[in-house]
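Please view the sequence and structure first.

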Amino acid sequence: FSPVSRNATLSDTYSGTVEELADIDWDNLGFGLVPADYMYVMKCGRGGSFSKGELQRFGNIELNPSAGVLNYGQGLFEGLKAYRKEDGNILLFRPEENALRMRQGAERMCMPAPTVEQFVDAVKATVLANKRWIPPAGKGSLYIRPLLMGSGAVLGLAPAPEYTFLIYVSPVGNYFKEGIAPIHLFVEHELHRATPGGTGGVKTIGNYAAVLKAQSAAKAKGYSDVLYLDCVHKKYLEEVSSCNIFVVKGNVISTPAIKGTILPGITRKSIIDVARSQGFQVEERLVSVDELLAADEVFVTGTAVVVSPVGSITYLGKRLSYGDGGVGVVSQQLYSVLTRLQMGLLKDDMDWIVEL
Ligand code: COI
């Protein structure tokens with residue numbers, strides 16, 4: 001598609017939805033930015049509360065070179081998805097959980113944050129303004145990326161005097177290039193993602209820059225991503241660069257407990273509830289890397305990755321394989337229940353779905 005003709009009929013401020021679907025190849029969505037029409041922008045000055053936001057045309061933003069986010073990494077992000085149902089209705093999955101997580105992260109990063117209501121209203125407005133970019137049912141989802149950043153100028157190290165909350169969106173398909181096929185993980189032994197007392201438990205932007213070195217090295221060797229161990233004992237599983245991890249043994253599903261160094265994933269939390277509702281015993285605890293040896297299945301969860309099966313994990317030169325190249329039965333079952341809920345194909349007994 002051409003950005004020029006795509007934008008030709010749109011006004012600078014949002015004035016109502018364009019109903020027809022955007023003209024892109026919906027069958028080949030990956031996880032890359034496809035610029036949509038509008039972004040939501042809301043500012044907060046020294047007073048500490050956010051004023052009314054507005055929808056603006058999606059595009060570059062202007063920042064002072066001395067902005068807190070650029071100089072000292074004072075920034076957070078979130079990720080959630082909107083799905084289009086067969087009947088055309090639009091569904092969000094637990095958006096208030098993202099709002100709450102952003103508020104917790106903002107407290108850690110010394111930033112003011114939108115209220116839950118402001119956050120959810122902004123998400124809804126952004127999704128509706130970009131409705132034509134929500135993939136047809138079954139072809140993917142609209143990934144929603146809220147950002148909170150110290151946009152005011154600072155020079156000495158201090159919280160910024162002004163903050164910007166921004167939401168942009170992009171239609172997406174599968175996160176890993178493997179699609180829904182199992183991914184291959186490399187256990188990183190030297191570099192660490194998070195430290196006790198650090199910021200590993202909040203979704204601050206720097207956590208993600210910090211994993212790029214190990215991730216790039218692993219990808220260069222053909223792995224899909226990196227699995228991190230705790231930095232104290234170098235023994236307990238933490239998380240993968242962009243997702244949480246679960247280990248299946250018989251009817252028991254174990255996942256590292258949230259203790260400040262692991263991101264409290266909303267998909268993680270949802271999968272725990274889904275698994276329990278399906279009769280599994282779920283344990284949140286320290287999970288030793290040795291337990292990977294005896295596991296029947298391993299899978300990862302996240303908004304972007306959804307539920308992705310793990311086909312192999314390489315640890316200290318040894319490759320442990322799971323399944324025979326296919327998707328494990330437990331991973332498949334949990335993936336299926338979660339995504340059917342998210343797409344409005346199962347009754348929402350948990351009250352997780354927000355319909356627009
Ligand atoms: C998400 O799953 O939404 C994330 O924030 C992970 C990101 C690295 C894509």
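Helix α3 passes helix α4 in a right-handed crossing, meaning that the near helix is turned clockwise from the far one by less than a right angle. The model is predicted, so local features need pLDDT of at least 70 and side-chain atom pairs count only at pLDDT 80 or more, while totals for chains, interfaces and linings use all residues. Residue numbers start from 1 along each chain as its sequence is written.

**Helix pair**
- Helices are DSSP runs of H or I with at least four residues, and strands are runs of E with at least two, numbered from the N terminus.
- The axes of α3 (residues 95-108) and α4 (residues 116-129) come within 9 Å and cross at roughly 130°.
- Pro95, Glu96, Ala99, Leu100 and Met102 of α3 meet Val116, Phe119, Val120 and Val123 of α4, contact being C-beta atoms, placed from the backbone, within 7 Å.
- By class, this contact has eight nonpolar, no polar and one charged residues.

**Ligand shell**
- Gly79, Tyr208, Ser242, Gly302, Thr303 and Ala304 are around the ligand, each with its C-beta atom, placed from the backbone, within 6 Å of it.
- The shell has two nonpolar, four polar and no charged residues, with Gly counted as polar and Tyr as nonpolar.

**Gly32**
- Gly32 lies in the loop between α1 (3-7) and β1 (38-44).
- Gly32 is exposed, with 9 other C-beta atoms within 10 Å (12 or fewer count as exposed).
- Gly32 and Leu263 are 231 residues apart in sequence and 22 Å apart in space, C-alpha to C-alpha.

Note on methods
Axes fitted to C-alpha atoms, helices over the stretch in contact; angles between N-to-C directions. Contact = placed C-beta atoms within 7 Å. Buried ≥ 20, exposed ≤ 12 C-beta atoms within 10 Å, placed from the backbone.
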